[in-house]
Amino acid sequence: MAELLSMSGIDKAFAGVSALSGASLEIAPGEVHALIGQNGAGKSTLIKILTGVYRRDGGVVTFGGKDSVINSPREAQAAGIATIYQELNLVPLRSVTENVMMGYEPKRLGVFINWREAHRRTREILARFGIDIDVRAPLGSYSTAIQQLVAIARAVSLDARLVIMDEPTSSLDASEVEVLFGVVKGLREAGVSVLYVSHFLDELFEICDRVTTMRDGRTVDCRDIAGSTKLELIAAMLGRDADDIEQAGMTEFSGGTAGADLGEVLLTAENVTTGPRLTDFDMTLHRGEIIGLGGLLGAGRTEAARAIFGVDRLTGGRINVKGEASGLETPSAAIEAGFGYLTEDRKAEGIIPDMSVRENLTLALLPKLTKNGQIDRARERELVAHYIKALGIKTANMEQPIRELSGGNQQKVLLARWLAIDPDVLILDEPTRGVDVGAKREIQAIIRDSVAKGVGVILISSEFEEIVEGADRIIVLNEGRIVTELTNPGITEDALVRALAHTEGQAA
Amino acid sequence: MSTQDTELGARPTKTFEWGPFLRTNGGLVALAVILLFNIIVTPNFLQMQTLFVNISQVATIAIVAMGMTLVIATGGIDLSVGAIMALSGAMAPLIFMSEFGQANPALGITAAIVVPLIAALACGLFNGILVANLKVQPIIATLILFISGRGIAQVLTNGNLQTFSNPSFSYLGTGKVLGLPFQGWLAIAIACVLFWVMSRTIFGRYVLAVGGNERAAELSGGPVKRVKIGVYMICGVLSGLAGLIVVAINSASDAARNGNLMELDAIAAAVVGGALLQGGRAPIFGAILGAVIIQLVKYTLLANGVEDEVALIAKAIIILAAVYLQMARKE
Amino acid sequence: MLDTDAFDLRKYLSQNPQSVAVWVALVALILFGVLRYENFGGAYNFTSFLNYNSMFIIISVGMCFVIMTGGIDLSVGSVAAFTSVVAAYLSPYGLEVALPIAVLAGAAFGAINAFCIIVMRIPPFIATLATMLGAKGGALVISGAETISVDWGSNFTRMGMETALNILPWSIVLVGAVIVVLWFVLEKTTLGRTVLAIGGGADASVLMGLKVNRATAFVYLLSGACAGLAGVILASGFGAGQPLEGIGWELSAIASVVVGGTLLTGGMGSVTATVAGALLLGLVFNILNFENGRGTISFSAYWQMVIRGGFLFAVILFQARVTSGRAARKAQT
C-alpha cells in the first residue's frame, strides 16, 4: 500500500543545536500510527515540521504521493492535516463554537457568519464525543478535559486525511479516554490516518497499528504493534537491548546506601496536596540520602518539587523541616532554610541569559554576599572562581554571558548556584537533561560528592539509569499519587519499568 | 557538535561589518555625527553659551530617563513621569509661597523640596503596587497617574500659572557650579549613584535579574515585587526632582505644560541609550547619552531654522531606528 | 463526570457584568442629570453633547479593535489633528472630497503602524508612539503650526454643525453608521472573530491557521481611519483644522475601551460597550459643567482628568481581580 505520508532524512537545528538528524516517519492511509520517544527525542519538532510551524533544514516530505510544500499551519490544514498540539492551541476566552469553527464558519451571503448554524454544527460535532455543553460559553470556563476534547473535535471536523494527536489523553480521565478511542477508531474506519503521540504505552496497544520510536533526534525503530511488548518499546526509547536493561554502570552513581546509618531527618512531607496534580504526597529525607522520584511525564514529580520549595501553595498536608513545622511559602524562605531547587526548564526558570556566569552563579547566594546592601565583590569573585574550577565549568571567563555557554556548562553554573548556598536539601529536576554525555557524568559526580558531604537530594530524572543507580529509594508516582516505593540496593531498571508499567495498567 | 557548528557558522572574511558595529556603538556614532554636523554647519556652535543652554535643558530629560531606564530594566514602562513632574512642580511654589513658607524661608524651601519629592515617591509607590501586586500591565497601570496626575496638579493650582521670585529655590535650575549649570552636576551625581547601585548593590543585581528572567529570579529567592515597586519609586522621585528643576528654571510653575510629553523623551533617551524594552539591561550613562542626543537633535534643527515640529518627526525616526536595531540584535 | 461547573469566570464572561454595569451607570448618570439640572435633557445639550463626543466615540471604537488584539495605538490623537488639517485644506472641494481623503490619510498612518509592527516586529507601543510624534510633527508642518480655517462656503461644515431631523448632528449619524458596520464586522465575520482570537492567544491563532497578519493590519488601518474621521469631525465642528488638538485623546480612548469592559490583554471586547464607555466618560464631564453652572459647588474643569483617572483605576482593580482568578485557575490545571 502506498504511504499517505512519508518523511525521510529530516534535519533541523535550532541555533546550531541539532534537534533532528535524519529523522523519518511513514504513515499508511487509514492507519493509527504511534510516535514515541523520551522528552527531547524530537517528536514535537518532527510534528511541527510536518504542520509547517518550523521549516526543515533538510530531507524530503511527501504527502498523498506529492512533494509537500507546507509552509504554515494554514497550508497544512488546507492540505488535510489537522493537529491537536500538546499545549492546547485554543483560545480560552472565546466561545466553544468559535474554537471549533474558527476560520471555517458557515456564512450567509458569503460574508456574515451564521451563528445559529455554527452553534448547531458544533453541538453536532461535540455530540460525537458524547459532550453536551453550552457551546456559546467561553471555552475557558470548562475543564481541561473538555477543552482537550474540543480541540480534538475541531481537528476531526476539518475533514482531514491525517489527524495528529500530541499527548491527547494527558488530561483525560478513563471514561473520556474511551470516548476518544471510539473517535480514533471511527476515523480509522473512515480511512483517515491518525498520528498518535503518547507517553502512555498501554494506550498504544489498544488503538495503534504501528509504532515509530525516536531517540536523540533520530528515528530508531518502526514496527507493528501486534507482537511487540511494552518492554521492547521502552528499551527502544532508552536505546538499550531489553536483555541488557539490567546492566549496571551507566552512570557515575554507585547504587544505594540504604542500610547504612541514615543521618538526621532533614525533611518530612505528610499528605502534601497542591491540587489534582499532587495528592497526599509523603516523604522523609535524611542527610546524605538521595530519594528518586519516579514516574512518567505529568505523574506529579515536578509538582512535588515545587510544593516542597514553596513555589506552589499547599492545599493540604504539611512539610516539616528538621523536625519543625516549616512555613516555606516562598522560594526565598526555602532558600533561607537551606533548600536549593534546580528547575526542570533551564531556559524558562533557570538561567538569566544576558547575565554573566558570575552573576548567574551567585544569584541565590546574594543576600549572604551582601553587607548593607552592597555586594562583596571580592568574595563573589573568589567563590565564582572556586566553583568554575571545582565543577570544571568551561567558560572564557566569569564575565561571559551565560547564554553563550553550552547546555552542560549552563547546567553546571546553575548547580553551582545552589551548591554555593551550602544547602541541606537539593531538589534536582532533570539535572542532566539536554547535556552531552561527558557533562552528564561530571554532573552526576558533583551530585555524588555533595551527598557524601551530607546533603539530602531529591532527584527527578527521566533517565532511568540515573535514578536507578543514583537513588537510595525511589518513590514512584502516578497521576499525582504515590503508587509504590523501591529501595536500593536491588532496584533494577527492569523493576522500575515494571513499577511504571504496573501503574499504567492501573490507570487505564 | 556545537563547536563544529559555530566554526561552520563563523564568517571567514575579515571585512568590517557595519551592522554589528552600529548596533553596539550606534549611540556614540550618532552623537559624533551630530556634533560634527553642528561644528560644520551651525553658526556659533563651539561656544560656552551653547554648552550652557544644552546642559541646562538636557539635565531634566537625563534625570527622568535614568529613572525610566531602571523601570525598563525590569521589563516595565512608566508613562506617568510627565504628570509627576507637573504635580511636584505645582506643589513647590504652593509651599514656599504659603504663609508658613514666607514666615520661615529656610524651612519653607526645605519643605518645598522635600514634600513634593515625597509626593512623587508616593506616586511611584502607587504605580509599583499596581504593577507588582495587582499584575496590571505597566502601560495601563501608569496611565492612571498619567491622566489624573496632571489633573491633580491643575486642581491644586486651579490651573493658574504660578510665578515667583525666589532665588534660593531657583538655584535648582539657574545656579552655577564651576561655570556650568547646577542641574547638570546634579544629573551627573545621580548617574554616579545609580551606576553604583546597579553595579555594586544587591538591589541593582535583582533589578537586572527580574528583567532578564523574572521566574528564574523568583525561584532563586529574588524579591521580585519589592524590586519592581522600588524601581517605580525611584523613577517617581527622579521625575519629581525634574519637575522641581523645570519650575526653578522658569521661576514659574505651569501645571499644564511642565513635563508635557516628557514620557516620550525619557523613553526615547533610554532606548537610544541602549535599554532593552524586554528588560535585563540598565545602561545608566547610556540614558544620559540618549538624552544628550535627543537634546542635540532638537537644538540642531532649531539652530538651523528648522521648526520645532520637524524635530518631532526626527525624534520619531530616532526611536524607531533604535528599537529596530534592538530587535534585529535580539534575533 | 465531565466537569462543567468550573470557577466563576464563566458567569462573568457569559453575562459580562461590566458591560452591563457600564450601561446601568450610563442610564443612572443620565437620570441623575435630568432630575438635577433643568436644561440637561434639553435638545441643545443633547445635540452639542453628541456632536462633541462623536469624535471620542469613533476613536474609542477604533482603539477597541486594536486592544482586542492585545495591541495599543497611541497615535490616534495626533493622527486626528493631522487629518483635521488635511480636511480643512480640502474643505473648498466639499465634504465628498475632504472626508474620504482625510480618512485615507488617517489610514495611511495606520498602515505605517501596521508595517512597523508586523514587518519590522517593533512592539505596538513603540511603533505607535513614533507615529504619534510623526503625525504631530506632520500636522504642525503642513499647517505652519496655525489653525487652518475651513471654507465656510462649501458643504464641509454641515457635518459638524447641522443636524438631521433637527436633533441628531450629522457627525453622530455618520459615526453611528460606521459603528453599526464595525459591529457587524466584529460579531458576524471571520475577520472580526480573528481579531478576538489573536488577543486571546496569538500563537494559538497561528496554529489554528487563522490569517493573523491580515487581521493585525486591519485593526491598525481601522484605528487610523477612525482617527481620520474624528479629524474631519473636528475640523467641521470647529470650523478649522486644529494641529494642536488631540493631546491625550489616545488615553481617553483607552479609558473608554477599558471602562467598556474590554480586556486590556485582548481577546474579549465589545463595540457597544465601548461606545457606552465613551459616552459615560463624556457625561461625567458634561455633568461637572452643569454642577458648576448651578454654582453650589465649584468643581474646576481640571477635576475631570482626576475623575477619569479614578474611573480607570476602579476598572483596572476590577479587571485585575477577574484576570488573577483566571491565572489561578490556569496554574491549577
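How do H3(B) and H9(B) stand to each other? H3(B) and H9(B) are roughly parallel to each other (a term for angles under 35 degrees, with over 145 counting as roughly antiparallel, 65 to 115 as roughly perpendicular and the rest as oblique). This is a predicted model, in which local features need pLDDT of at least 70 and side-chain atom pairs count only at pLDDT 80 or more, while totals for chains, interfaces and linings use all residues. Residues are numbered from 1 along each chain as its sequence is written, and chains are lettered from A and ligands numbered from 1 in the order in which they are written. Helices (H or I, at least four residues) and strands (E, at least two) are DSSP runs, numbered from the N terminus.

**The sheet of chain A**

- Six strands of chain A form an open sheet in the order E6-E9-E10-E3-E11-E12, and the pairing is mixed; two strands pair if DSSP finds at least two bridges between them.
- E6 and strand E12 (218-224) of chain A stand at the edges, where each has a single partner strand, so one side of each is left without a neighbour in the sheet.
- From one strand to the next the twist averages 20 degrees, angles being taken from 0 to 180 degrees between the N-to-C directions of axes, which are lines fitted to C-alpha atoms, for helices over the stretch in contact.
- Strand E6 (residues 81-84) of chain A pairs with E9(A) in the parallel sense over four bridges, and within this pairing A:Ala82 has A:Val163 as its bridge partner in E9(A).
- E9(A) also runs parallel to strand E10 (residues 193-197) of chain A, to which five bridges join it, and here A:Ile164 stands opposite A:Leu195 in E10(A).
- Strand E11 (residues 210-215) of chain A pairs with E12(A) in the antiparallel sense over six bridges, with A:Val211 opposite A:Arg223 in E12(A).

**Cover over the sheet, and a loop beside it**

- Strand E9 (residues 162-166) of chain A is mostly covered, since five of its five residues are buried; a residue is buried if 20 or more other C-beta atoms, placed from the backbone, lie within 10 Å of its own, exposed if 12 or fewer, and partly exposed in between.
- Both faces of E9(A) are covered, with A:Leu162, A:Ile164 and A:Asp166 buried on one side and A:Val163 and A:Met165 buried on the other.
- Helix H5 (residues 144-157) of chain A lies across E6 and E9 of chain A and runs at about 180 degrees to E6(A).
- Helix H8 (residues 230-238) of chain A lies across strand E3 (32-36), E11 and E12 of chain A, and runs at about 30 degrees to E11(A).
- A:Asp216 lies in the loop between E11 and E12 of chain A, and its phi is near 50 degrees, a positive value in a residue other than glycine; with 15 C-beta neighbours inside 10 Å, A:Asp216 counts as partly exposed.

**Helix packing in chain B**

- Helix H3 (residues 48-73) of chain B and helix H9 (residues 182-200) of chain B pack at an angle of about 25 degrees, with their axes 8 Å apart.
- The crossing of H3(B) and H9(B) is left-handed, a term for a near helix turned anticlockwise from the far one by less than a right angle, with clockwise giving right-handed.
- Residues in H3(B), including B:Ile55, B:Ala59 and B:Ile63, meet residues in H9(B), including B:Leu186, B:Ile190 and B:Leu194, contact being given by C-beta atoms, placed from the backbone, that lie within 7 Å.

**Where chains B and C touch**

- 33 residues of chain B are in contact with 36 residues of chain C.
- Helix H7 (138-157) and helix H15 (308-330) of chain B are the elements that give two or more residues to the side of chain B that touches chain C, and the largest share of that side, 13 residues, comes from H7(B).

**Chain C**

- Chain C has 14 helices and four strands, and buried residues make up 56% of its 333 residues.
- The axes of helix H4 (residues 76-90) of chain C and helix H11 (residues 212-238) of chain C come within 7 Å and cross at roughly 50 degrees; H4(C) and H11(C) are therefore oblique to each other, and the crossing is right-handed.

Note on methods:
Contact = placed C-beta atoms within 7 Å.
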